[in-house]
Amino acid sequence: ISASRIAANSISLDKINNISIESSTSGALSLVIGDQGAGGSNTGYYNYGIGRRVMAGLQSSDGNIALGYEAGYYVCEGDNFDGYNVAIGHQAAKGLATGHTSIRNTVVGNNAMMVHTSASYNTCIGNNAGYRINGGDNNVLVGSGALGTTAANSSSYQYPTSNVAIG
């Protein structure tokens, strides 16, 4: 371990950051393993993440779990949102922009619920499931592309609420 890389908030096990443990949160009882994870101004509690840039935009949010590159990137950015999101997969629940509330979502799959704003109480399981769910709440989406569009298709679903989509 390089002495120059050991600090109160960071440990790196090699020079190219293949493995790093960062505590960039001022909250308590949280653990993030990965480069640039869990935003520098996070004051939340009980947040756990593994992956590069996992929950990087997180602020003032509790109880989030994210695994994968940029999983939960913008989930609950802002002040005093309760969070409790689970995002598992490459860019799962990444989010669209800062300043939106996304709470109590369960997202599993590559790019599932990737482009969302203020979407809450959703369950998205599968590749691209709920990919562009903008402002929608209380949806259950299971299967590749369920109620979502692919990255190549720029159309989006605005405010889908209380849907069940399979396939």
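Rings of Phe, Tyr and Trp (its six-membered ring) are taken to pair if their centres lie within 6.5 Å, and the planes count as stacked when under 30 degrees apart, as edge-to-face when over 60, and as tilted for the rest. These legends describe a predicted model, in which local features need pLDDT of at least 70 and side-chain atom pairs count only at pLDDT 80 or more, while totals for chains, interfaces and linings use all residues. Residues are numbered from 1 along each chain as its sequence is written, and side-chain values use heavy atoms, with hydrogens and water left out.

**View A. The aromatic pair of Y45 and Y46.** The structure holds 1 aromatic pair. Y45 and Y46 form this pair, which is tilted, with 6.4 Å centre to centre and 45 degrees between the planes. Y45 counts as partly exposed because its relative accessibility is 39%, where buried means under 20% relative accessible area, exposed over 50%, and partly exposed in between (1.4 Å probe, protein chains only). Y46, at 45% relative accessibility, is likewise partly exposed.

**View B. The loop residue N47.** N47 is found in the loop between strand 3 (31-33) and strand 4 (48-50), strands being DSSP runs (E, at least two residues) numbered from the N terminus. N47 counts as buried because its relative accessibility is 0%. The C-alpha atoms of N47 and G83 are separated by 9.3 Å, and these residues are 36 apart along the chain.

**View C. K94 and the ring of Y73.** K94 lies over the face of Y73, at 5.7 Å from the ring centre. A charge is said to sit over a ring if NZ of Lys or CZ of Arg is within 6 Å of the ring centre and within 35 degrees of the ring normal.

**View D. Surroundings of N111.** N111 lies in the loop between strand 7 (106-108) and strand 8 (123-125), and N111 is buried, with a relative accessible area of 14%. Not counting residues up to four places away in sequence, N111 touches H90, Q91, A92, N128 and Y131, a contact meaning heavy atoms within 4.5 Å.

**View E. V107 in the largest nonpolar core.** A nonpolar core is a set of buried Ala, Val, Leu, Ile, Met, Phe, Trp, Tyr and Cys residues joined through side-chain atoms within 4.5 Å. Of the 22 residues in the largest such core, V107 and L141 touch the most other members. Residues that V107 touches, not counting those up to four places away in sequence, include V86, I88, M113 and C124.

Conventions
Helix = DSSP H or I, 4+ residues; strand = E, 2+ residues; numbered from the N terminus.
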